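Let's take a walk through this protein chain, one feature at a time.

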Amino acid sequence: MFLSGTKYFDDPSRFETGDRLRIRITDANHQRWEIPTDVLPRQSQPYTLPQQSHNTTPANLFLSDPNSDLILTLHSTTQFGFTVARRSTGDILFDTSNTVLVFKDQYLELTSSLPPHRSSIYGIGERTRRSFKLTHNQTLTVWNLDMRSEIPDVNLYGSHPYYMDVRSPDSDGKVVAGTAHGVLLLNSNGMDVVYSGDSITYKVIGGVFDFYFFAGPTPELVMDRYTHFIGRPAPMPYWSFGFHQSRYGYKDVQDLEGVVAGYAKSNIPLEVIWTDIEYMDAYKDFTLDPINFPLSKMSSFVQNLHQKGQKYVPILDPGIHLYLFLMHICYIYSIHNYKLLNISGSLGIYVDTTYEPYIRGLQADIYIKRDGKPYLGEVWPGIVNFPDFLNPQGADFWGDEIQRFHDLLPFDGIWLDMNEAANFISSPPISSSKLDNPPYKINNAGVQMHINNNTVPASSIHYGNITAYDAHNLYGFMQAKATKNALIKITGKRPFILSRSTFVGSGMYTAHWTGDNAATWDDLAYSIPSILNFGLFGIPMVGADICGFARDPTEELCERWIQLGAFYPFARDHTEKATARQELYLWDSVAATSRKVLGLRYQMLPYLYTLMYYAHSKGTPIARPMFFSFPQDTNTYDISTQFLLGKGVLVSPVLTPKTVTIDAYFPSGNWFDLFDYSNVVSVGSGAHVRLVAPADHINVHIREGNILVLQKEALTTKAARVTPFHLLVVVRHCENSTGEVFLDDGEDMEFGEVGGKWTFVRFSSHVVGNKATLRSVVQNDDFAPSQKWRIEKVTFIGLEDISSKSGFAQWTSVRGEIHDGRVKVGGGGGFGMAEISDLSILIGDEFELKLDLH
């Protein structure tokens, strides 16, 4: 194709798999920035379409793969355009015809039309939003920024130019409700995405148009194919699903010890204690404050944590401190432990020669440069240089410093903050560079703020002569990658990393939290769309700061927040230095509610961990929007106040003050309260239901047809893992109930891999009349039986027509041994319940259990 004499559509389309189409628009005559494959690996075995003549082309060229449901049409009109449609239904997914394509050095623009009344769009971030579903007429800016997440509708810490489109049915009935596809623009440059409802426009300040379309057609299949392309989410260690406590501003080691003791005394689970930058010596990475957090006391503290089955995670910022103060160079002046270096023009820089990390980085030449010298920024410790993680030696430097620090203090994970990269100063543009002040101003911070503001300037240079203009959005991604590689090398175990800044594919390396929120009811509600979005971005281990980071929470707000936060995939209480303390044991009401909701979370640990297995193997989020399980119920498309854990556990929180009832939406079926199985919501078709929600209660329901694998609650995951198992069978008449559990040691690197030390168990149950059967099928049975983990109880709920008061149960082992179980029959909410106890079934052995009620 030709446009204004230049070929832009180079190697135009590839059906890289049967369900993934790539469309790449570039300048074939001039090389442009694209994300290198060694930065973001993506496997491709393309079916390349036949080469077309550059001189003559038909009016419309239809391109397809016999294995794909996608069809690409190239429109060879005066204004170039293309259309992506479904072969099976004719539904048009992306259509740039009759729009203008702009392709300049620092500005690219492309528009696709959309069916406004049938298209529900989710994704494109990171930003705080009131609604999970994108609303019409908004500009979504993609540019990593250190901005408090309490501010809605502005760009934040991560860049994810990806969306999922869930379609409502069309008028002729060809398109089924819930048919979904995904669209990724793989581009790391700053951009505005303007979504009007009937169109979506990309306005990008560099790179190329590199689009990927994921056919679906279900939301689960879209995520499977998307994460297969960008990288599967990293498996998280089992302990990371426990409860975490943090604060910016813990005073000293004694303060930390008091927090741990406070949780233990209050009988509230505590898995991990975190420290923010206060533990450092003058906020310098890889150091300890010698007065308040001396090595001897910190070592003893961490050792005691480990003995109790608890963990410790410190924070690290990317900026490496180098000096005390600046002066104009008039003469050479030496002071103890400081050396004057002329590395920034007319300014003298006193370098702390005792701070070895900086010296090692300087000697290795791994800092980002500007004007040929290491760029000087300012963060918490003062003037800093920023390691260049695109430089292989920069990643090695970072890993070596982590190794040295871990040798001193054996921490269990790493928290990466300020890695957008944040900068307390805004460097002025360089007059000779066109990068610092591009002609198109993206809507940075919602006010078209200069892209140099509070970050490493765009004209700075990374390894390989890559500019920060192109690589800015990759900084936190590359830091997380280097950190993961380092921790694997150091510990040989599955690492845990929490990063504020993310990019496409960051889920391969890190978990995420939603950043600097506030202790407000609005922020409580915002957390649900944020968490659901990161599930779509392929980062399923995500949570918000429970009780809020900024401002002082009220007792009521904190009680409601722990009710919701107990069911975040990542559950951590964290707050700012200037705020009042908000550990969960400080209010009696919050402590009581915490014991209740965290007790259920710890019982559900096997379920949450199994959801992590599915996230890692198929990309399915842990916390999911309701349309994932009920795509044909179009009422679920607009829900931003509830979510599912897995396919059948529905969380319906209170999000407003002084509220004791909520209107919750329930898709069709019978839903059972996980706190009280006798409380049942039954709806023939989807409906809003008024639920009672007293101050100490959150509504959490499980749908019929599920089998939930539980263990007993405990104060740590280590203690919970050795308790007996309990199977909760939620009966669905005329159909099987099913459930699964993934079992391993919780930290092995071989997470479900062939030859690894793990076991996967599938359960199925069927009820006919007064007889029920439960069976298990075991995959990779070498691991679980060796652990002697046992099922001690099976509970059937949702039984119908139970008039008897007794029953008989037997289970048969894989070896043919027959054993009896004790049966207790009850009822409530119009349904019967049967509890079979005194069992001792090895969960790693296949078995069959039969229940006869009479």
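## A hairpin and its neighbour

Strands β47 and β48 make a hairpin with 2 residues between them, and Gly769 in the turn has a positive phi of about 60 degrees. Helices here are DSSP runs of H or I with at least four residues, strands are runs of E with at least two, and both are numbered from the N terminus. Two strands count as paired if DSSP finds at least two bridges between them. β47 and β48 (residues 771–779) pair in the antiparallel sense over 9 bridges, with Phe760 standing opposite Gln779 in β48.

β47 (residues 758–768) also pairs with β46 (residues 737–744), in the antiparallel sense over 8 bridges. There, Asp744 has Trp758 in β47 as its bridge partner.

## Where this comes from

This is a predicted model, in which local features need pLDDT of at least 70 and side-chain atom pairs count only at pLDDT 80 or more, while totals for chains, interfaces and linings use all residues. Residues are numbered from 1 along each chain as its sequence is written, and side-chain values use heavy atoms, with hydrogens and water left out.

## Two open sheets

Strands of a sheet pair through backbone hydrogen bonds, either parallel or antiparallel.

Another open sheet has 3 strands in the order β20-β27-β26, and its pairing is antiparallel. Its edges are β20 (320–321) and β26 (377–379); each has a single partner strand, so one side of each is left without a neighbour in the sheet. β20 pairs with β27 (residues 382–385) in the antiparallel sense over 2 bridges, and His321 has Val384 in β27 as its bridge partner.

## Helices that meet

Two packed helices are described by the angle between their axes and the distance between the axes. Axes are lines fitted to C-alpha atoms, for helices over the stretch in contact, and angles run from 0 to 180 degrees between N-to-C directions. Take α8 (residues 521–536) and α9 (residues 555–565): they pack at an angle of about 5 degrees, with their axes 10 Å apart. That makes α8 roughly parallel to α9 (angles under 35 degrees count as roughly parallel, over 145 as roughly antiparallel, 65 to 115 as roughly perpendicular and the rest as oblique). The contact (heavy atoms within 4.5 Å) brings Trp521, Asp523, Leu524, Ser527 and Ile528 in α8 up against Glu556, Leu557, Arg560, Trp561 and Leu564 in α9. By class, that contact has 6 nonpolar, 1 polar and 3 charged residues (Ala, Val, Leu, Ile, Met, Phe, Trp, Tyr, Cys and Pro count as nonpolar, Asp, Glu, Lys and Arg as charged, and the others, Gly among them, as polar).

Now look at α10 (residues 588–603) and α11 (residues 605–618). Their axes come within 4 Å and cross at roughly 55 degrees, which makes α10 oblique to α11.

The largest pocket has a volume of about 600 Å³. A pocket is an open set of points on a 1 Å grid over the protein atoms alone, where a 1.4 Å probe fits, with protein on both sides within 12 Å along at least five of seven lines; lining residues have an atom within 4 Å of a point. Grid points are joined across faces, edges and corners, and a volume is the space filled by probe spheres set on the points.

Of the 25 lining residues, the closest to the centre are Trp239, Lys311, Lys493, Asp745 and Glu747. α12 gives the most to the lining, with 3 residues.

Most residues other than glycine have a negative phi, and most peptide bonds are trans. A cis peptide bond joins Gly216 and Pro217, and another runs from Glu420 to Ala421. Ile124, in strand β10 (residues 119–125), has a positive phi near 55 degrees.
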